[in-house]
Amino acid sequence: RIMACCDCIRTGLWRKWFRVVVVFIYLVIFAGVLPVAVWQMIEKSSLSASRRIGWFIAAVFVLLTIPLALWDIGFHLYHYTSPELQKYIVRILWMVPVYSACSWIGFRFDSARVYMETIVRLYEAFTVYSFMCYLTQYLTFEYDIIAVLKAKDQVKHYFPFCYLEKWKMGRELWQLCRFGVYQYVVINFILTVIS
(Lines give C-alpha, C1' and ligand atoms only; values in the text may rest on other atoms or scores of the structure.)
Protein backbone atom coordinates (compact mmCIF):
# COMPACT_ATOMS: atom_id res chain seq x y z
CA ARG A 1 0.00 0.00 0.00
CA ILE A 2 2.80 2.42 0.79
CA MET A 3 4.46 1.62 -2.53
CA ALA A 4 1.19 2.34 -4.36
CA CYS A 5 1.02 5.73 -2.65
CA CYS A 6 4.64 6.46 -3.62
CA ASP A 7 3.89 5.42 -7.23
CA CYS A 8 0.92 7.79 -7.24
CA ILE A 9 3.14 10.66 -6.12
CA ARG A 10 6.00 9.75 -8.43
CA THR A 11 3.81 9.41 -11.52
CA GLY A 12 1.84 12.56 -10.82
CA LEU A 13 -1.57 10.89 -10.42
CA TRP A 14 -2.17 12.96 -7.28
CA ARG A 15 -2.61 15.98 -9.55
CA LYS A 16 -5.87 14.54 -10.91
CA TRP A 17 -7.38 14.45 -7.43
CA PHE A 18 -5.93 17.71 -6.17
CA ARG A 19 -8.66 20.00 -7.48
CA VAL A 20 -11.45 17.65 -6.37
CA VAL A 21 -10.06 17.38 -2.84
CA VAL A 22 -9.53 21.15 -2.54
CA VAL A 23 -13.06 21.97 -3.73
CA PHE A 24 -14.49 19.35 -1.35
CA ILE A 25 -12.60 20.86 1.60
CA TYR A 26 -13.85 24.35 0.68
CA LEU A 27 -17.45 23.14 0.48
CA VAL A 28 -17.18 21.44 3.87
CA ILE A 29 -15.70 24.60 5.39
CA PHE A 30 -18.45 26.80 3.90
CA ALA A 31 -21.17 24.36 4.89
CA GLY A 32 -19.84 24.19 8.44
CA VAL A 33 -18.45 27.64 9.15
CA LEU A 34 -21.07 29.89 7.56
CA PRO A 35 -24.07 28.49 9.44
CA VAL A 36 -22.11 28.57 12.72
CA ALA A 37 -21.13 32.20 12.06
CA VAL A 38 -24.74 33.21 11.41
CA TRP A 39 -25.96 31.27 14.45
CA GLN A 40 -23.29 32.88 16.65
CA MET A 41 -24.26 36.33 15.39
CA ILE A 42 -27.92 35.74 16.25
CA GLU A 43 -27.21 33.93 19.54
CA LYS A 44 -24.79 36.50 20.99
CA SER A 45 -27.30 39.21 21.74
CA SER A 46 -24.99 40.65 24.43
CA LEU A 47 -22.96 42.28 21.66
CA SER A 48 -24.13 45.62 20.34
CA ALA A 49 -25.87 45.64 16.99
CA SER A 50 -23.04 47.50 15.27
CA ARG A 51 -20.49 45.05 16.69
CA ARG A 52 -22.52 42.05 15.48
CA ILE A 53 -22.84 43.54 12.01
CA GLY A 54 -19.13 44.32 11.91
CA TRP A 55 -18.32 40.80 13.06
CA PHE A 56 -20.57 39.30 10.38
CA ILE A 57 -19.07 41.49 7.62
CA ALA A 58 -15.58 40.54 8.78
CA ALA A 59 -16.61 36.85 8.70
CA VAL A 60 -17.82 37.20 5.12
CA PHE A 61 -14.51 38.71 4.03
CA VAL A 62 -12.53 36.06 5.91
CA LEU A 63 -14.57 33.39 4.15
CA LEU A 64 -13.72 35.06 0.84
CA THR A 65 -10.01 35.67 1.39
CA ILE A 66 -8.96 32.38 2.96
CA PRO A 67 -10.22 30.12 0.13
CA LEU A 68 -8.69 32.41 -2.50
CA ALA A 69 -5.34 32.45 -0.73
CA LEU A 70 -5.41 28.70 -0.16
CA TRP A 71 -6.33 28.16 -3.79
CA ASP A 72 -3.31 30.20 -4.87
CA ILE A 73 -1.05 28.37 -2.41
CA GLY A 74 -2.41 25.05 -3.63
CA PHE A 75 -1.66 25.83 -7.23
CA HIS A 76 1.85 26.95 -6.38
CA LEU A 77 2.30 23.56 -4.76
CA TYR A 78 0.56 21.85 -7.66
CA HIS A 79 2.91 23.49 -10.17
CA TYR A 80 6.00 23.22 -7.99
CA THR A 81 8.50 23.62 -10.82
CA SER A 82 10.93 26.01 -9.16
CA PRO A 83 11.14 24.97 -5.50
CA GLU A 84 14.03 27.29 -4.66
CA LEU A 85 11.76 30.27 -5.42
CA GLN A 86 8.27 28.91 -4.82
CA LYS A 87 8.89 27.90 -1.21
CA TYR A 88 9.32 31.59 -0.38
CA ILE A 89 6.25 32.55 -2.41
CA VAL A 90 4.14 30.01 -0.51
CA ARG A 91 5.44 31.35 2.82
CA ILE A 92 4.52 34.89 1.80
CA LEU A 93 1.06 33.85 0.58
CA TRP A 94 0.30 32.26 3.95
CA MET A 95 0.23 35.79 5.38
CA VAL A 96 -3.28 36.32 3.98
CA PRO A 97 -5.01 33.42 5.82
CA VAL A 98 -3.00 33.99 8.99
CA TYR A 99 -3.75 37.71 9.08
CA SER A 100 -7.43 37.46 8.18
CA ALA A 101 -8.21 34.59 10.55
CA CYS A 102 -6.32 36.16 13.46
CA SER A 103 -7.93 39.55 12.86
CA TRP A 104 -11.40 38.03 12.76
CA ILE A 105 -10.83 35.95 15.90
CA GLY A 106 -9.38 38.99 17.69
CA PHE A 107 -12.37 41.07 16.61
CA ARG A 108 -14.83 38.44 17.78
CA PHE A 109 -13.18 37.41 21.06
CA ASP A 110 -11.76 40.32 23.04
CA SER A 111 -9.82 38.02 25.38
CA ALA A 112 -7.92 36.49 22.44
CA ARG A 113 -7.00 39.79 20.75
CA VAL A 114 -3.53 40.05 22.32
CA TYR A 115 -2.63 36.49 21.35
CA MET A 116 -3.88 36.93 17.81
CA GLU A 117 -1.92 40.16 17.38
CA THR A 118 1.18 38.36 18.65
CA ILE A 119 0.73 35.60 16.07
CA VAL A 120 0.25 38.17 13.32
CA ARG A 121 3.36 40.15 14.31
CA LEU A 122 5.49 37.00 14.49
CA TYR A 123 4.30 35.78 11.11
CA GLU A 124 4.75 39.28 9.67
CA ALA A 125 8.43 39.18 10.69
CA PHE A 126 8.73 35.71 9.14
CA THR A 127 7.10 37.01 5.95
CA VAL A 128 9.55 39.92 5.70
CA TYR A 129 12.41 37.45 6.19
CA SER A 130 10.94 35.14 3.51
CA PHE A 131 10.55 38.06 1.11
CA MET A 132 14.19 39.03 1.56
CA CYS A 133 15.24 35.41 1.02
CA TYR A 134 13.07 35.33 -2.11
CA LEU A 135 14.68 38.52 -3.43
CA THR A 136 18.14 37.20 -2.69
CA GLN A 137 17.41 33.88 -4.39
CA TYR A 138 15.71 35.45 -7.41
CA LEU A 139 18.20 38.25 -7.98
CA THR A 140 21.20 35.95 -7.68
CA PHE A 141 19.46 33.27 -9.77
CA GLU A 142 18.32 35.52 -12.62
CA TYR A 143 20.87 38.33 -12.40
CA ASP A 144 24.24 38.95 -10.85
CA ILE A 145 22.86 41.57 -8.49
CA ILE A 146 26.28 42.63 -7.22
CA ALA A 147 27.49 43.36 -10.76
CA VAL A 148 24.25 45.17 -11.62
CA LEU A 149 24.56 47.36 -8.52
CA LYS A 150 28.24 48.09 -9.21
CA ALA A 151 27.33 49.28 -12.70
CA LYS A 152 24.87 51.84 -11.30
CA ASP A 153 25.87 55.39 -10.40
CA GLN A 154 26.32 56.31 -6.75
CA VAL A 155 23.01 57.38 -5.22
CA LYS A 156 22.85 60.61 -3.25
CA HIS A 157 20.83 60.49 -0.06
CA TYR A 158 18.18 63.05 0.77
CA PHE A 159 18.23 65.33 3.79
CA PRO A 160 18.96 64.53 6.67
CA PHE A 161 20.66 61.31 5.54
CA CYS A 162 22.95 63.16 3.14
CA TYR A 163 25.37 63.72 6.05
CA LEU A 164 25.80 60.00 6.65
CA GLU A 165 28.59 57.98 5.09
CA LYS A 166 27.66 56.76 1.60
CA TRP A 167 27.32 53.07 0.93
CA LYS A 168 29.30 51.88 -2.06
CA MET A 169 27.16 50.45 -4.81
CA GLY A 170 27.62 46.72 -5.13
CA ARG A 171 28.32 44.16 -2.44
CA GLU A 172 28.39 46.70 0.44
CA LEU A 173 24.95 48.10 -0.43
CA TRP A 174 23.44 44.63 -0.86
CA GLN A 175 24.88 43.32 2.41
CA LEU A 176 23.81 46.38 4.40
CA CYS A 177 20.27 46.18 2.99
CA ARG A 178 20.09 42.50 3.90
CA PHE A 179 21.50 43.23 7.34
CA GLY A 180 18.86 45.92 7.90
CA VAL A 181 16.04 43.56 6.97
CA TYR A 182 17.39 40.73 9.13
CA GLN A 183 17.92 43.16 12.00
CA TYR A 184 14.28 44.27 11.72
CA VAL A 185 13.12 40.65 11.75
CA VAL A 186 15.11 39.76 14.87
CA ILE A 187 14.16 42.94 16.75
CA ASN A 188 10.50 42.58 15.78
CA PHE A 189 10.50 38.97 16.97
CA ILE A 190 12.17 39.83 20.30
CA LEU A 191 9.91 42.82 20.98
CA THR A 192 6.80 40.82 20.10
CA VAL A 193 7.75 38.03 22.46
CA ILE A 194 8.60 40.50 25.25
CA SER A 195 5.40 42.49 24.89
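Tutor: Let's start with one residue. Leaving out residues up to four places away in sequence, Thr-136 touches Trp-174, Arg-178 and Tyr-182. Keep in mind that this is a predicted model.

Student: Where is Thr-136 placed?

Tutor: Thr-136 sits in helix H6.

Student: Buried or exposed, this Thr-136?

Tutor: Buried. The cut-off is under 20% relative accessible area. Thr-136 has 16%, so it counts as buried.

Student: Zoom out for me. How many helices and strands does the protein have?

Tutor: Eight helices and zero strands. From the N terminus on, the order is α-α-α-α-α-α-α-α.

Student: What share of the residues is buried?

Tutor: Of the 195 residues in the protein, 26% are buried.

Student: And the surface? What does the accessible area come to?

Tutor: About 13,700 Å². Carbon and sulfur atoms hold 70% of that surface.

Student: What about contacts between residues 24 or more positions apart?

Tutor: Take the contacts with a separation of 6 or more. Residues 24 or more positions apart account for 67% of them.

Student: Back to H6. At what angle does H4 pack with it?

Tutor: About 155°. H4 covers residues 83–93, H6 covers residues 113–142, and their axes are 9 Å apart.

Student: So which way do they run relative to each other?

Tutor: That angle makes H4 roughly antiparallel to H6. The threshold is over 145 degrees. The crossing of H4 past H6 is left-handed.

Student: Which residues make that contact?

Tutor: H4 supplies Glu-84, Leu-85, Tyr-88, Ile-89, Arg-91 and Ile-92. From H6 there are several, including Tyr-123, Phe-126, Phe-131, Cys-133, Tyr-134 and Phe-141.

Student: How do they divide by class?

Tutor: The H4 contact with H6 has eleven nonpolar residues, three polar and two charged.

Student: Phe-126 is on that list. How exposed is it?

Tutor: Phe-126 has a relative accessible area of 31%, so it is partly exposed. Phe-126 belongs to H6.

Student: How far apart are Phe-126 and Ile-92?

Tutor: In sequence, 34 residues. In space, Phe-126 and Ile-92 are 8.5 Å apart, C-alpha to C-alpha.

Student: OK, other partner. How do H3 and H4 cross?

Tutor: At roughly 170°, with axes that come within 10 Å. H3 covers residues 49–78. H3 and H4 are therefore roughly antiparallel to each other.

Student: Who's in that contact?

Tutor: Ala-69, Asp-72, Ile-73, His-76 and Leu-77 come from H3. Gln-86, Ile-89, Val-90 and Leu-93 come from H4. By class, the contact of H3 with H4 has six nonpolar residues, two polar and one charged.

Student: What does His-76 touch?

Tutor: Its neighbours within four places in sequence aside, His-76 is in contact with Gln-86, Ile-89, Val-90 and Leu-93.

Student: Why does His-76 count as buried?

Tutor: Because its relative accessibility is 18%, and buried means under 20%.

Student: Last topic, peptide bonds. What joins Phe-159 and Pro-160?

Tutor: A cis peptide bond, with omega about 0°. For context, most peptide bonds are trans.

Student: Where is Pro-160 found?

Tutor: In the loop between helix H7 (145–151) and helix H8 (171–194).

Notes. Residues numbered from 1 in each chain as written. Predicted model: local features only at pLDDT ≥ 70, side-chain atom pairs only at ≥ 80, totals over all residues. Heavy atoms only, no water. Helix = DSSP H or I, 4+ residues; strand = E, 2+ residues; numbered from the N terminus. Buried < 20%, exposed > 50% of the residue type's maximum accessible area, 1.4 Å probe, protein only. Contact = heavy atoms within 4.5 Å. Areas by Shrake-Rupley, 256 points an atom, 1.4 Å probe, with all protein chains shown as cover. Axes fitted to C-alpha atoms, helices over the stretch in contact; angles between N-to-C directions. Parallel < 35°, antiparallel > 145°, perpendicular 65-115°, else oblique. Left-handed = near helix turned anticlockwise from the far one by under 90°. Nonpolar A, V, L, I, M, F, W, Y, C, P; charged D, E, K, R; others polar.
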